[in-house]
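Please prepare a briefing on the ligand site and the pockets of this model, with the lining residues set out by element and by class.

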Amino acid sequence: MSRAQNQYFDDYIKSRVRTIPDWPVEGVQFRDITPLMQNPATFRRLVDCFVHRYYEHDIDVLACIDARGFIIGGALAYELSTSLVPIRKRGKLPFDTVSESYELEYGKAEVELHKDAIAAGQKVLLLDDLIATGGTMLAAAALIKRLGGELAEAAAIIDLPDLGGSAKLQQAGYKVFSICSFDGE
Ligand code: AMP
């Protein structure tokens, strides 16, 4: 796809993200991706944006983050013919896990991955709906590293660069991709 076509699809996706002011708490602009899923043509284009970026990459495993990462994850893993593994919030995975905790604005959170989800040397694409402070993605990347996986890229539909997460991921040495960003909006 040409750069102009890419930009067209990126703008198309961005224009269909719904922003809910002051949700779940005052001051947060919640970026709601449900309109992207509700319209079949839009959902297809959304998945295709990722397919076009990664179909020539040698990805072994798609690791997607609880819960909105799962929505695109299944369709993308099917199209790329990769293994699909969930990175879940604490206490949700039934088998032996590795876990990483990270700081939230208030309190702590923890993500887990099954110990056998990734084999040493496998190339892993990490996927979530959105990067804000980057805490979730950094913790997920640490889990992948602990199992010996190589993180090919951290991908999201939306980046919120003002919150610094994508910059933090890049400073940590990871490649980052997002379809669109909300910058000072
Ligand atoms: P963070 O760890 O701060 O990068 O936050 C990313 C995670 O929190 C993602 O799984 C998002 O689904 C969710 N999230 C954080 N901020 C927002 C927001 N403004 N709108 C929608 N989801 C958000």
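This is a predicted model: local features need pLDDT of at least 70, side-chain atom pairs count only at pLDDT 80 or more; totals for chains, interfaces and linings use all residues.

The ligand is surrounded by 14 residues, whereas the lining of the largest pocket is made up of 40 residues.

**Ligand and its contacts**

- Of the 14 residues that surround the ligand, the closest are Arg68, Asp128, Thr133, Gly134 and Thr136.
- Gly135 contributes through its backbone, where an N or O atom lies 3.4 Å from an oxygen atom of the ligand.
- On its own the ligand has 490 Å² of accessible area, and the protein covers 81% of that area.

**Shell around the ligand**

- Strand 2 (29–32), strand 7 (123–131) and helix 5 (135–146) each provide at least two residues of the shell, and the largest share, 4 residues, comes from strand 7.
- Sorted by class, the shell holds 5 nonpolar, 5 polar and 4 charged residues.

**Largest pocket**

- The largest pocket holds about 1,300 Å³ of space, and among its 40 lining residues those nearest its centre are Val28, Phe30, Leu130, Ala132 and Thr133.
- At least two lining residues each come from strand 2, strand 4 (83–89), strand 5 (97–103), strand 6 (108–114), strand 7 and helix 5.
- Strand 7 supplies the largest share of this lining, with 4 residues, and strand 7 also gives the largest share of the shell around the ligand.
- By class, the lining of the largest pocket divides into 19 nonpolar, 7 polar and 14 charged residues.

**Second largest pocket**

- The second largest pocket contains about 250 Å³ of space, and its lining consists of Met1, Arg3, Asn6, Gln7, Phe9, Asp10, Cys49, His52, Arg53, Tyr55 and Phe177.
- Helix 1 (3–15) and helix 3 (40–54) are the elements that give two or more residues to this lining, and helix 1 gives the most, with 5 residues.
- The lining of the second largest pocket has 5 nonpolar, 3 polar and 3 charged residues.

Definitions and conventions
Residues are numbered from 1 along each chain as its sequence is written. Side-chain values use heavy atoms; hydrogens and water are left out. A residue is near a molecule or strand if one of its heavy atoms lies within 4 Å of it. A polar contact is a pair of N or O atoms within 3.5 Å; within protein, one must be able to donate a hydrogen and the other to accept it, and residues adjacent in sequence count only if both atoms are side-chain atoms. Accessible areas come from the Shrake-Rupley method with a 1.4 Å probe; for residues, only the protein chains shown count as cover. Ala, Val, Leu, Ile, Met, Phe, Trp, Tyr, Cys and Pro count as nonpolar, Asp, Glu, Lys and Arg as charged, and the others, Gly among them, as polar. On a 1 Å grid over the protein atoms alone, a cavity is a set of points where a 1.4 Å probe fits but cannot get out, and a pocket is an open set with protein on both sides within 12 Å along at least five of seven lines; lining residues have an atom within 4 Å of a point. Grid points are joined across faces, edges and corners, and a volume is the space filled by probe spheres set on the points.
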